[in-house]
Amino acid sequence: MAVSGRKNWLARAWHSAFAPIREPQGFYRHRALVRLTHWINALCILFLLGSGLNIFNAHPHLYWGLYGTDGDKPFFSLDALDTPAGSQGVTQIGPWHFNTTGVLGWSKVDGEFQARGWPDWLTIPSFQDLADARHWHFLFAWILVFNGLAYLIYSLWSRHIQRDIFPTRADIKAIPRSILDHVKLKHPTGHAARRYNVLQKLAYLGVITLIALMVLTGLTMSPGFNAFFPWLLDVFGGRQSARSIHFICASLIVLFVIVHLVEVLLAGPINEIRSMLTGDYRIPQDHHAKDPS
Amino acid sequence: MANAKIITRRVAILGGFAGAGWLVANTDKLTLDSGFARVFHAVEDWTKTAQRGLLFPDRLAREYSPSDISPFFKPNGTYNPGTPEYNAHAMQNFDDWRLKIDGLVAKPLSLSVAELRRLPRRTQITKHDCVEGWTAIGMWTGVPVGPLLKAAGLQPGARYAVFHCADNLTGEPSKGGEQSPGQYYESIDLRDALHPQTILAYGFNGKQLDVPHGAPLRLRVERQLGYKQAKYVERIQIVDSFANIAGGQGGYWEDRGYEWYAGI
């Protein structure tokens with residue numbers, strides 16, 4: 001597209017963001033269905049996390065085993081406790097207690113303190129409402145399931161997962177070296193940048209597994225589904241264990257998202273984001289290598 | 001031509017992100033929007049259809065062994081209806097408490113708790129899953145609802161069993177304000193009402209059912225969440241629609257935004 005005349009920065013950014021990139025500068029990395037399902041998945045994760053935290057607030061305790069309620073011992077809790085110095089937010093992890101007033105357990109909503117596990121700026125909806133949080137959660141859970149199935153079926157059929165994501169034997173051997181590269185924040189260039197590195201592959205496989213576990217532990221909390229698949233209760237060790245695993249997997253997905261975003265920033269955000277929008281990926285060149293020209 | 005296609009794609013990408021951004025920015029507004037509630041209702045119907053499809057033929061909820069019973073079974077909602085009539089019944093061991101079965105039945109029934117205790121009973125140790133997220137396991141003894149309804153004779157058009165309760169519940173703060181108080185009630189469809197594990201329990205953990213857990217009669221619908229397990233039941237009304245009962249959504253919590261189908 002010609003950008004003649006008004007060469008303002010916006011037009012240039014628009015042009016450079018969407019301009020097609022062809023060999024040998026780059027290649028078509030992400031196919032349309034992978035790109036589409038990636039962004040739908042990102043939206044689902046955002047809504048599921050936000051509404052999940054609102055649901056959690058209805059009973060901000062986690063237990064292990066078949067049952068657990070007030071009177072049973074939680075291994076994790078976000079409570080508001082009355083103290084001589086006034087109410088405090090207390091985060092409990094096993095035997096440890098932390099004062100988290102203002103953020104976890106006891107935080108401000110519309111300028112007034114309230115007993116709330118997670119604060120209003122993290123939950124969907126922002127106000128405490130279990131019924132509506134569940135509505136959002138199930139809406140996006142269904143979208144996540146169909147979107148995830150579309151991705152999995154397509155990626156297995158097109159051999160994207162087998163070819164690009166499953167680590168090879170050579171990959172496994174290269175794990176120590178890949179760890180070192182990551183520690184040094186060194187990103188592959190030239191030919192090596194055409195493939196995912198082994199830690200990247202393991203991270204993608206990991207997050208696919210985590211999302212599958214989220215769906216399964218979520219279904220294990222459903223009394224209707226329990227009647228159909230009671231053995232899932234045994235797999236996860238009971239409904240309360242399933243609820244806790246659901247929460248732990250969600251935390252690990254948050255960790256994945258943080259690392260994922262940091263890596264996008266480090267590897268070159270425009271190139272990385274463009275490749276997930278148009279599919280085209282520019283191969284980073286090694287500026288330290290001898291210029292062949 | 002190629003340019004037009006590329007521009008269309010760019011518009012689609014930007015439009016998609018603008019739409020997603022608008023959705024994220026307006027979640028609170030959409031949550032309170034009565035039109036958008038139709039989306040949530042459609043999701044609930046879809047969940048119900050999916051689960052009902054899986055649950056054919058009618059599967060039983062898992063039953064546990066006595067060693068799995070939780071040491072503390074949290075009572076929730078009303079702890080004691082506390083009305084003069086209720087207190088008088090409690091003083092007399094609820095012997096004269098009557099369960100009425102009416103509506104779309106051939107022969108309305110009125111049975112005392114003493115009579116119900118003499119009918120064939122079922123005992124089941126099951127998991128109670130609160131919508132809030134907690135779980136307790138308890139042993140329930142009671143009279144199956146199915147044979148009672150058959151004795152009353154279901155009329156053509158009968159679709160739901162509505163369970164009317166003796167307690168008035170104040171509700172929880174929600175949507176930024178207090179919930180309105182109301183008489184507790186619940187409804188299930190006949191498929192659940194006729195399920196063998198659906199009972200009106202009068203015994204709990206080997207003893208007579210106590211007041212905090214719903215004495216003298218409490219519904220157990222084992223494949224649904226805790227708010228379906230109506231306590232202090234005094235009447236079963238068979239209807240073809242619950243649209244004209246209380247808030248019209250089929251239950252106390254349903255009238256306050258919760259799903260009618262509480263299988264998840």
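Figure 1. With 10 C-beta neighbours inside 10 Å, A:Arg159 counts as exposed, where exposed stands for 12 or fewer other C-beta atoms within 10 Å of the residue's own, buried for 20 or more and partly exposed for the range in between, with C-beta atoms placed from the backbone. This is a predicted model, in which local features need pLDDT of at least 70 and side-chain atom pairs count only at pLDDT 80 or more, while totals for chains, interfaces and linings use all residues. Residues are numbered from 1 along each chain as its sequence is written, and chains are lettered from A and ligands numbered from 1 in the order in which they are written. A:Arg159 is found in the loop between α3 and α4 (160–165) of chain A; helices (H or I, at least four residues) and strands (E, at least two) are DSSP runs, numbered from the N terminus. Although A:Arg159 is not a glycine, its phi is positive, at about 65°. Most residues other than glycine have a negative phi, and most peptide bonds are trans.

**Figure 2. Helix α6 of chain A and the residue A:Leu185.** Helix α6 (residues 175–183) of chain A is hardly covered, since the count of buried residues among its nine residues is zero. α6(A) is followed by A:Leu185, a residue other than glycine whose phi is positive, near 55°. A:Leu185 is found in the loop between α6 and α7 of chain A, and A:Leu185 counts as exposed because 10 other C-beta atoms lie within 10 Å.

**Figure 3. Two cis peptide bonds in chain A.** The peptide bond from A:Glu23 to A:Pro24 is cis, with omega near 5°, and A:Pro24 lies in the loop between α1 (9–18) and β1 (26–28) of chain A. The peptide bond from A:Ile124 to A:Pro125 is also cis, with omega near -10°, and A:Pro125 is found in the loop between β7 (112–116) and α3 (130–157) of chain A.

**Figure 4. Packing of helices α7 and α10 of chain A.** The axes of helix α7 (residues 198–220) and helix α10 (residues 239–267) of chain A come within 9 Å and cross at roughly 150°; axes are lines fitted to C-alpha atoms, for helices over the stretch in contact, and angles run from 0 to 180 degrees between N-to-C directions. α7(A) and α10(A) are therefore roughly antiparallel to each other, a term for angles over 145 degrees, whereas those under 35 count as roughly parallel, 65 to 115 as roughly perpendicular and the rest as oblique. Residues of α7(A), including A:Leu210, A:Leu213 and A:Met214, meet residues of α10(A), including A:Ile245, A:Cys249 and A:Phe256, contact being counted where two C-beta atoms, placed from the backbone, lie within 7 Å. By class, the contact of α7(A) with α10(A) has twelve nonpolar, five polar and one charged residues; Ala, Val, Leu, Ile, Met, Phe, Trp, Tyr, Cys and Pro count as nonpolar, Asp, Glu, Lys and Arg as charged, and the others, Gly among them, as polar.

**Figure 5. Packing of helices α10 and α11 of chain A.** α10(A) also packs with helix α11 (residues 269–277) of chain A, at an angle of about 115° and with the axes 6 Å apart. Here A:Val264, A:Leu265 and A:Ala267 in α10(A) meet A:Pro269, A:Glu272 and A:Ile273 in α11(A). The residues of this contact divide into five nonpolar, no polar and one charged.

**Figure 6. The contact between chains A and B.** Chain B gives 44 residues to the contact and chain A gives 39 residues. On the side of chain B that touches chain A, at least two residues each come from α1 (2–25), α2 (27–32), α3 (37–54), β3 (122–129) and β4 (135–144). The largest share of that side, seven residues, comes from α3(B).

Figure 7. B:Ala193 has its place in helix α7 (residues 190–193) of chain B and counts as buried, because 24 C-beta neighbours lie inside 10 Å. Not counting residues up to four places away in sequence, B:Ala193 touches B:Val145, B:Gly146, B:Leu149, B:Ala161, B:Ile188 and B:Thr198. By the same exclusion of residues up to four places away in sequence, the residues that B:Phe163 touches include B:Tyr185, B:Leu219, B:Val233 and B:Ile236.
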